[in-house]
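Please keep the sequence and the structure in view as you read.

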Amino acid sequence: MSDIKEAIQTTVTDNAVVLFMKGTKEMPQCGFSSRVAGVLNYMGVEFADVNVLADENMRQGIKDFSDWPTVPQLYVKGEFVGGCDIITEMTLSGELDTLFDENSVTYDKDAADKIRESNG
């Protein structure tokens, strides 16, 4: 299991934004993964996607790594941010914008505002 932990650590270290998800950003395989990937894609965030369905060790490994029981899991600059509910709340409150700003992650501010407008 240490190989998986090392692989996860390398992935979150080498990429500014990483989404561990079921499926891929182009083809999510569950509603929760689809929601988070959809938000990131709509906001124009460049992110690495890791399909946990492709590797059972990765699927369990990411849960152990973060001590978080569910997928998707979003990491920004090596730090675990949260799952679908947390990312949804952060998007709607503007906290995700702040997190991206503080970490120099490029995103479309107008798109973020549109998400809030349509869900307000």
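## A residue in helix 5

Is aspartate 97 buried or exposed? Aspartate 97 is buried, with a relative accessible area of 3%, where buried means under 20% relative accessible area, exposed over 50% and partly exposed in between, using a 1.4 Å probe and protein chains only. Its place is in helix 5, and helices here are DSSP runs of H or I with at least four residues, while strands are runs of E with at least two, both numbered from the N terminus. Leaving aside neighbours within four places in sequence, aspartate 97 is in contact (heavy atoms within 4.5 Å) with Met43, Tyr107, Lys109, Ala112 and Arg116.

## How the model is read

This is a predicted model, in which local features need pLDDT of at least 70 and side-chain atom pairs count only at pLDDT 80 or more, whereas totals for chains, interfaces and linings use all residues. Residues are numbered from 1 along each chain as its sequence is written, and side-chain values use heavy atoms, with hydrogens and water left out.

## The nonpolar cores

In soluble globular proteins, nonpolar side chains tend to be buried together. A nonpolar core is a set of buried Ala, Val, Leu, Ile, Met, Phe, Trp, Tyr and Cys residues joined through side-chain atoms within 4.5 Å. The largest one has 23 residues, of which Met43, Leu74, Leu96 and Phe100 touch the most other members. Strand 1 (17-21), helix 2, strand 3 (73-76), helix 4, helix 5 (95-102) and helix 6 (109-118) each supply at least two residues of this core, and helix 2 gives the most, with 4 residues.

Not counting residues up to four places away in sequence, leucine 96 touches Val39, Met43, Leu74, Ile87, Met90 and Thr91. A second, separate core has 12 residues, among them Val12, Val18, Ile62 and Val71.

## Helix 2 against helix 4

Helix 2 (residues 31-42) and helix 4 (residues 84-93) pack at an angle of about 30°, and their axes lie 9 Å apart; axes are lines fitted to C-alpha atoms, for helices over the stretch in contact, and angles run from 0 to 180 degrees between N-to-C directions. From helix 2 the contact is made by Phe32, Arg35, Val36 and Val39, and from helix 4 by Cys84, Ile87, Thr88 and Thr91.

## The cysteines

Cysteine 84 is buried, with a relative accessible area of 6%. The closest cysteine sulfur to that of cysteine 84 belongs to cysteine 30 and is 7.9 Å away, which is too far for a bond. With a disulfide taken as a pair of cysteine sulfur atoms within 2.5 Å, the count comes to 0 disulfides.
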